[in-house]
Amino acid sequence: MTDTIIAPPKTSTGKSLRTEEMILNMGPQHPSTHGVLRLELVVDGEIVVEVVPHIGYLHRCFEKHCEHMTNYQQVIPYVDRLDYVCAMNNEFAYVVAAERLLKIQVPERVEYIRVIMAELQRIASHLIAVGTYGIDIGAFTPFLYCFRDREKILDLFEMTCGARLLYNYMWIGGLSHDIPTDFVPRAKEFCSYFKAQIRDFNNLLTFNEIFVKRTAHAGILPPEVAVNYACSGPMLRGSGVSWDLRRDDPYSIYNRFEWDVPVGKGERGPVGSCWDRHIVRMREMEQSVRIIEQALAQIPEGDVQSAIPKRIRPNPGEVYARTETPRGELGFYIVSDGTATPYRIKARSPGFVNLSVINEIARGGMIADLVAIIGSIDIVLGEVDR
Amino acid sequence: MEQYLTSLFGDPLWVQILMGVPPLVFILVYTLIVLYLEMKVAAHMQDRVAYMRTGWHGTLQPFADMLKLLQKEDTIPAAADKLLFIIAPYVTFSGTYAAFAALPFGSSFVGSNINIGIFYIVAISSLVVVGLLMAGWASNNKWSLFGALRSAAQIVSYEIPSAFAILGVVMVAGTMSLQELSAAQTGGITHWMILGGTLPLTKKLIAIPLMIVLFLVYYVSSMAEVNRTPFDIPEAESELVQGYNTEYSGMKFAIFYLAEYANLFLVSAIATVLFFGGWASPFASLMTGPWWSAFWFVTKGMLFVFLNIWLRWTLPRLRVDQLMYMSWKVLTPFAFACVLGLGLLLVW
Amino acid sequence: MNPVVEYFGDIYRGIKTATIGMRITFKHLFTRAVTIQYPTVKMKLPERARNRLYVNMDDCIGCDQCAMACPVDCIDIETIKSTPEDNLGTTSTGQKKRLHVPLFDIDIAKCCYCGLCVYPCPTECIKMTDVYEFSEFDRHNLIYSFSTMTPAEIETATTKAKKMEEEVAAKKVTAAAATKAAAEAKAAAQATQPPQPTEQQQKPE
């Protein structure tokens with residue numbers, strides 16, 4: 001009687017397991033995968049051998065919608081919903097691309113307000129990123145503090161355009177509303193209030209020895225690997241590569257402000273660790289506050305709706321424009337065929353590209369490290385799946 | 001109490017059974033209070049208010065929680081190991097409950113005044129590990145298994161530094177019985193073990209830093225024994241959903257919950273008895289007596305419970321290997337060095 | 001770095017950062033809570049708040065601009081032409097209404113609250129209010145019908161419009177017939193005149 005040899009199980013990529021390995025499924029519903037992301041892990045005890053991400057659970061056919069059912073103006077609510085956590089930055093990228101296609105020059109006031117809104121949104125998005133990162137690591141309190149501060153930013157947005165999360169505020173050629181009269185004083189008040197909160201937060205979480213020990217040696221992303229995988233945003237800057245689209249490929253009026261680009265220097269461990277990415281995000285928030293204060297001091301008067309075209313019908317052509325969102329480089333490639341509906345819009349989302357590096361950096365670490373790594377990539381499934 | 005009940009009933013069997021009831025009542029009442037306290041303290045630390053709708057400021061919420069747990073459907077996964085699954089929570093709870101027998105609730109309220117009190121407590125509370133392992137294995141769930149294995153490793157490794165800390169105190173006091181340990185610390189705050197106990201002044205000055213280190217070692221390892229953050233890897237919510245608890249619902253989950261909080265009080269109580277005087281009043285002769293001593297004991301125990309809650313909501317979680325590192329390479333050497341120091345001190 | 005120094009440094013830093021963190025959370029124990037007890041206490045929304053849609057049908061002229069502007073096609077409008085004798089009134093902005101609007105449905109479940117329908121309206125009759133508590137148990141209750149025409153009114157309006165169309169069509173037909181008759185008459189008149197060139201052509205035979 002021969003023993004039947006049971007074939008070893010295979011992963012979805014076709015890799016077959018050794019006897020001591022186990023396939024573990026961090027399914028779409030999991031408290032720490034930041035959305036509906038399925039991770040198929042091959043683990044050897046606690047050590048992760050391979051990570052295969054499965055995405056697509058939040059695919060909403062954004063690009064198809066834009067081809068058929070919308071004109072250029074109506075695309076903006078859809079663009080909001082790509083990365084719902086930083087909607088202003090998405091709109092910014094899209095209107096920069098569309099204005100380049102239509103060759104519109106917007107008034108100065110519009111530019112300043114757009115920069116202020118984009119930077120406020122950057123702070124709000126980073127607050128979510130670091131708050132939820134704290135929860136992943138086990139500290140529940142910083143999350144609440146982050147959301148308390150985020151409420152103040154959302155109050156500012158609600159005062160201006162009426163919505164808290166998905167704004168439809170930046171239009172092609174201008175804005176939907178002008179800022180109300182008490183926006184500038186309240187934004188200034190927020191900036192001065194927020195600096196103390198960042199300090200508090202750093203003391204509570206960032207420099208806490210347990211947090212440092214959990215993150216400073218996990219998920220090391222070498223700079224060459226980051227560049228080869230086309231990572232962008234804090235993933236890239238955390239590895240020591242100083243590349244920020246606002247400074248290196250300037251759009252709008254960012255070249256008028258003075259601010260630094262924080263870069264991971266390996267203060268608590270090797271360069272490119274999760275802690276480096278975290279501290280880059282914390283420092284970016286401080287720099288955003290600097291930009292907002294400078295912009296608030298310099299806003300000129302003007303009409304925010306003077307350059308909005310009555311009918312948006314661009315000439316046939318194509319454009320690719322990219323901006324720096326809190327997660328990295330968001331680019332829109334718009335192809336126009338001369339009608340009021342775009343022929344094709346492709347969104348190059350930073351989350352999708354940043355997530356592709358997870359196998360490289362999670363291999364060899366433990367499962368607890370994997371949770372730390374996913375949190376530090378800061379993905380939002382809305383833009384990964386579109 | 002034993003005499004009172006014996007005079008009431010006469011039959012020793014009934015007396016023994018009824019004497020097991022007060023600790024149970026205490027555990028239940030205490031759990032309701034500490035549930036409320038934990039949520040409220042956590043909320044106020046996070047700039048919010050929890051529980052405002054059931055009762056005045058939510059005071060009836062723990063009742064509501066317990067009622068909810070009791071009336072939930074008790075599911076057993078189809079492929080689970082039924083016997084182990086069902087008895088696991090009770091094994092865990094009985095380990096903790098049995099240890100309550102030796103706790104000195106007051107100068108005349110102690111369930112069993114055995115002369116190896118602390119040794120007995122350390123031994124019987126290891127039953128908790130067996131219960132957790134049973135729970136994790138019987139759930140037939142990879143994630144639960146992970147949680148159970150981690151928890152077993154954690155509890156077993158942290159018993160060593162805590163035993164060393166206990167050893168230090170026992171050496172200074174000369175007795176293992178908890179009632180006598182508390183009695184040895186009467187006479188005011190200067191007689192508490194953390195401030196050197198009843199040693200002469202010169203020895204006290206050297207003993208105080210050693211005792212403080214021993215207390216810290218004991219407190220940290222007790223947090224690990226109870227599976228509380230920063231050592232709550234077995235129930236790491238963000239990774240393993242609920243660890244060994246994942247498949248439990250209803251009454252069994254309630255028993256696990258009860259066991260966890262009872263264990264928390266147990267280790268806090270031991271910390272007070274060992275280092276902070278047990279039921280001895282901090283003033284030399286004020287507020288002494290059987291009922292005052294019970295008051296001091298419970299108050300000091302709750303203070304340490306509060307400290308535990310405070311730490312839970314402040315610190316992030318340690319990873320498993322860092323947990324092991326901390327136990328073996330940090331806590332044990334320090335505890336050992338302190339015990340050595342205390343031993344030399346006593347011999348001199 | 002010297003491992004011994006690192007070891008003690010780690011322990012020292014661990015204790016120090018833990019106590020700093022504990023001080024922060026302890027301080028927060030005594031700060032005021034930032035939450036309010038909804039639903040007994042509700043926040044006041046700013047004046048530009050974009051929540052549930054409302055249409056003031058008295059001002060609606062049936063121009064369909066809002067339906068065309070909606071990115072998710074949640075507005076459904078049907079119009080019936082009015083006859084010249086009908087007086088539908090004027091809007092509050094002074095425009096004369098020329099169309100009956102028997103169907104003006106907004107599926108508020110589909111609405112994405114972008115506000116794009118508000119801007120093109122010439123009479124500013126569609127607005128976003130600050131109502132945000134409008135959940136229903138049945139999904140079909142979320143289709144809001146704003147039209148104020150009763151079925152009887154719709155019936156009369158449709159028949160009137162049809163009659164007017166038929167009259168206009170009939171007029172067109174008679175007009176076309178008239179021009180055709182005129183053209184035929186002209187052709188007939190031309191036919192009765194003696195065709196000179198052809199007789200001469202037949203002569204040489």
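Tutor: In this predicted model, 21 residues of chain B are in contact with 23 residues of chain A (C-beta atoms, placed from the backbone, within 7 Å). On chain A, the elements giving two or more residues to this side are helices H4 (108–137), H5 (141–161), H7 (209–215) and H14 (367–377); helices (H or I, at least four residues) and strands (E, at least two) are DSSP runs, numbered from the N terminus. That side of chain A has 13 nonpolar, five polar and five charged residues, where Ala, Val, Leu, Ile, Met, Phe, Trp, Tyr, Cys and Pro count as nonpolar, Asp, Glu, Lys and Arg as charged, and the others, Gly among them, as polar.

Chain B also touches chain C, with 11 residues from chain B and 13 from chain C. Here chain B's side has seven nonpolar, two polar and two charged residues.

Now for the sheet. In chain C, three strands form an open antiparallel sheet, ordered E2-E3-E5; strands pair if DSSP finds at least two bridges between them. E2 (75–81) and E5 (143–145) of chain C are at the edges with a single partner strand each, so each has one side without a neighbour in the sheet. From one strand to the next, the twist averages 15°. Three bridges link E3 (residues 99–107) of chain C to E5(C), and Asp107(C) has Ile143(C) as its bridge partner in E5(C).

Lying across E2 and E3 of chain C is helix H3 (residues 151–192) of chain C, at about 55° to E2(C). Axes are lines fitted to C-alpha atoms, for helices over the stretch in contact, with angles from 0 to 180 degrees between N-to-C directions.

Residues are numbered from 1 along each chain as its sequence is written, with chains lettered from A and ligands numbered from 1 in the order in which they are written. Local features need pLDDT of at least 70 and side-chain atom pairs count only at pLDDT 80 or more, while totals for chains, interfaces and linings use all residues.

Conventions
Two residues are in contact if their C-beta atoms, placed from the backbone, lie within 7 Å.
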